[in-house]
Amino acid sequence: MKKNSAGMHLTDSKRKPFVIGYIFRRLLIMVIMILLVSTMIFLLFRTMPGDPTASMVDPSIPQEARQALLERYGLHESLWTQYKIFMGDLLRFDFGTSYFYNRPVSRVIGDRLPATLILMLTAMLFAYIIGVFGGAWMAWKRGTRLESAGVAFSLVFRSAPTFWVGLMVIMLFAVRLGWFPAQGMRSTGYEGTTFGEIFLSLDFLRHLVLPALTAGLYFLATPTLIMRNSMLEVMSEDYIEMAHAKGLPERRVLYRHAARNALLPVVTAGALFVGAAIGGQVLIEVVFSWPGLGREIVQAVTRSDYPLAQGSFIILSTVVMVMNLIADVLYAFLDPRITY
Amino acid sequence: MQKVKQLIQYITSYIAQRRGPSRRPAGRRNNQSFFSVFLSSLKSDRLALIGVVLLVFFIFVGVFADSLAPHGPRDRHYHDEGGIKRLESPTWDHPFGTTDVGRDIFSQVILGTRTALIVGFLAAVLVTFVGTVVGIVSGYFGGMVDTVLMRIVDFFYAIPFIPFVIVLAAIMQPSLWNVILAVSMLSWRTVARIVRSQVLSISKRPYIKAAKVAGAGHLRIMFRYILPNVVPLVLLEMAFMVNWTIMAEASIAFLGFGDPRVTSWGQILHMNSVSGYSRVAWWWNVPPGVAIILLLVSIFFVARSLEAVVDPRLRKR
Amino acid sequence: MKKMVILVVLLTATMVVFGGGRAEQDAADAEMGALVPELTLRSSLPESNLVNYEMAQELSDELAKLGVTLNAQPTDFSVLLDVIYGEEMDYDAYTIGWSGRVERLDPDMFIYSINHSSNANPGGNNTSRYVNPEFDALADAQRSEMDIAARREYVWEAQRILAEDVPRITLYSRSNVQTYNHERFTGLENMSGEGLFNEWSPMVMEAIGERTVPVVASNVNITNLNPFGARSVYDWRNLRLIYDKLVRLSVDVEPTPWAATSWEVVDDTTIDVTLREGMNFHDGRPVTPEDVKFSYEAFMSLPDSYFAAFVQPIDSVELLGNNVIRFNMEYAYAPFITTTLTQIPILPKHIWEGIGDYTQYYNEHPVGSGPFEFVRFRNGEELVATKYEDYFHPVNIDGFVFKIYASPEGVLTDLELGVVDMVSYDLIPAHINQIKDNDGGRYSHLTITEAPDIGFFYIGMNNNRPPFNNKAFRVALSYLVDYDYALDVLLDGYGSRGGAGLVINAANEFWHNPEVPIHNTYNPERARQILAEAGFTWDSQGRMRMPLE
């Protein structure tokens, strides 16, 4: 994209002293929210049926052994004591040890989070590039069959369950055509260990294509339709009429004048939408065997692996909150009319 | 998924809220004109027409599912010579073919329609009810009440949707009602926010002030004067909530957290994937998938048209 | 409003009319026995075991025809374990299975552990709560009988009693059907209860193509590389190739001297084992008798390890010099060589002795003395191991990659695409059929192998509770199970038939008693007859009632 990001020229001229206080206040609220979410998730898991030791041990081991396990993980303590320990650890950024992997939760999550974020951001990028241009184009073509087709296209993919589209995409592009790998994040035995080697390699990118495509098609409707509506709104503004009156070429009016101003809500909605969409990654990760946090949370829940499920949930929830915060700040930053 | 609209609403209402009430066209006060405008827009909007036709079709199938479904969802079908009709591609007897143990997929898809509609509408009603009440109360009273309620809304906004539903589904035994409950618990937040910003602009109107001066009670003002104004918006939100819920139910069922004893589209797809025949039996996974798409698309199309009614600016173009 | 009133009136009238008639019937019914209580059958979720789930639903339909309400309730596996092993023992019936791990070829597990009354208390493996003193005597006797022929007599007799008492109904056994790419590798052995990725295949298989490091597919993640924390057979499938054992069970399930060159049963409670000389750990340090003593004692000190049951009978471990290690037992324990010696891994003392709590150690880079050396593990993705050049036994491949998938569907795709060379789990029937059908020649490079499994899946019944405390009811129930549907339809024939009270099936040739008549046919009429003969009756509404006692 060669265009500047939305509305920046508006802000440049009359940027207010940016309110650090506002962000600080929001961050504070966020911390309180994280603590509340953590409390909720802690309590939820404690009401779960099934003893966590059940999935930890072979059924053939004796009852005393299960008792010993309960004690090792502190599960024999009262709820209140467990809660105090849990919150105390949490304040030190310690999510405990996964029952299942016998490994610090932070490390399990640390392994998985990048995979989830990269997949999601790639899909968003894909959806945004196509959506912003497509939406602008649709606004230009308003009232035509092409516009209706565009709307229908984006809504059909918003209506299709991602797991189902994923299965179809695998059948077509991986099994029938053999263009891309269908499963996992890298080829078997791939040697890379550093972040760059793993996430910037051609091998990784090939694995990324299908899951990102599937997620991107689902996301597509957001930027497309918001961009379209926003464009329609902007295009009725006076200065666009002026540009037309001056006899500027259509294309130039569309992209130079209208689009950059119409982008504001699209960008803001983007951050909000990332937050809302991150949970939905679960399905794509399952279908594509993508080693991300979403798949981990499903497994942790089925295994009653409290610490891991709690930790993953809190991290995902934090990502959502950060995205919401970014949306609000972006909005404030981009729209000069907002004052605090 | 209804996020599209939700977000437009959210953003525009946000803008409206910041810019002052004049920018935001309020919903129409009169429901009759609301529907008549909607009906007349059908004539010009082909997508909406398609949507209405499809939706009526699905509702018909859903309501008469029991009579329309030729067989029970678990009945096993046998050949005349005795063998089970295993994994048969579509025939006249079984328009969508059979499963690996000889069950009629056509009947399952029909019964699944009813499940989808029930889940969708029940959850949507629940969500919109709670969301609307919270939104109206919050927007009307403002101040401390507003702050507290909006913080609660913020709290629910911070919860990742699918993981939360999975946790809830795992805590409570798998059942359709729990999916409805789980979806409702998280989705009212959106409605509440949108309704609230709408109410904020409405309560500044002269006639509301007049009503207050005339001594009308809070309840009366809220439900007699404000509610009718947000109804169109709420209806629109409800449409998106129906979609959101149906998708959520399908996703949950696909992941194996649904109730295996209830025939739903997600459950059919789940059984298909569990059975291991997903790549062989296209007749087993294509019909439920297409059914989900068609139902959701039809609701989107209708909602788009509703949206033009709610927001007259969209209509002009 | 008016309509409501009319409705209420109508309803009331109906209830009065029908209720009046019912009163007389109730009087007649009252002379019969108590109603058979409403029952709950905890079954598997369809994704964890489709066959069990289906069979539970079918049984529910069958019992409904007999006037008994049985709610088949699909239950998550960990919840199910919690219910059947829980303190309250609050359950009627359930479906579950025992996997046919190779050490379970020894009859102790399937005779003693799951049927002896001493295990019928909460947490015990006798989750049928079956108690029969006559049976207990036999189960005890086989356990301490060191003479194998005499032991078999006891085991055979025990099977006869189980077939009569029917503490549980075995639904089916699933064969180990697995596949590998025969264009790349040869010489793989499919072992009963273990499949292709057993202890031997990686050592004896040979590469015939360019690829010398096979990719092994798994649909279950590895949880733990710590031998003290490893909790599943999936972890052990890899760990046992990295760590060595004193004895290994051969493909024909004979105990074979391995890291030990020989063993000697000195008396019933004393066993001497001689360690092989010249072995080294992967870090170059020699394997010594101290390492062996350390390993066994470490496991003995942990009551909750995976191997707790195997080391429980050991009283102490002594070093006699000359590489001889003596095991002193608390009591005679016949399965010692086939289960204990073949399971406990030899750990390097120099690495583990400094670690306080073994179970909390992550063991990021396992060092053993087995045929394969650990290279790396990426959680949820793959474990890579390379051939250990210094090993005393020849290994023909250069290593292996254990690749982890989210679903069997993903494995099938990669089998087709040639990414995967062999699987480590039992293929589901649908995938077996697809590979065999070989549509479009897509699977021509794959060979399917099948080995019978000694494990079994069953309907467990709480023998403490009515109506399951009534033997006739259990026997009748075994006639309501459609064994053909399970085996021929749901399993597509890849398995063997279940039967009432069957625990040791024909695949376990030595211990299976072929002379015991096992009823394993679907015959609802016979079931009704058995119930009637035992005094069960049906009341005016067709509900089944318990016999009058």
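Tutor: Helices (H or I, at least four residues) and strands (E, at least two) are DSSP runs, numbered from the N terminus. This is a predicted model, in which local features need pLDDT of at least 70 and side-chain atom pairs count only at pLDDT 80 or more, while totals for chains, interfaces and linings use all residues. Residues are numbered from 1 along each chain as its sequence is written.

Student: How many helices and strands are there in chain B?

Tutor: By that rule chain B has 13 helices and zero strands.

Student: Where is B:Q267 found, and why does B:Q267 count as buried?

Tutor: B:Q267 is part of helix α11 (residues 265-275) of chain B. Buried means under 20% relative accessible area, exposed over 50%, partly exposed in between (1.4 Å probe, protein chains only). B:Q267 has 5% relative accessibility, so B:Q267 counts as buried. In chain B, 63% of the 317 residues count as buried.

Student: Which residues is B:Q267 in contact with, leaving aside neighbours within four places in sequence?

Tutor: Contact means heavy atoms within 4.5 Å. On that basis the partners of B:Q267 are B:A253, B:G258, B:D259, B:P260 and B:V262.

Student: How many residues of chain A are in contact with chain B?

Tutor: 63 residues of chain A are in contact with 54 residues of chain B.

Student: How many salt bridges does the rule find across the interface of chain A and chain B?

Tutor: A salt bridge is a side-chain nitrogen of Lys or Arg within 4 Å of a carboxyl oxygen of Asp or Glu. Between chain A and chain B, the rule finds zero.

Note on methods. Chains are lettered from A and ligands numbered from 1 in the order in which they are written. Side-chain values use heavy atoms; hydrogens and water are left out.
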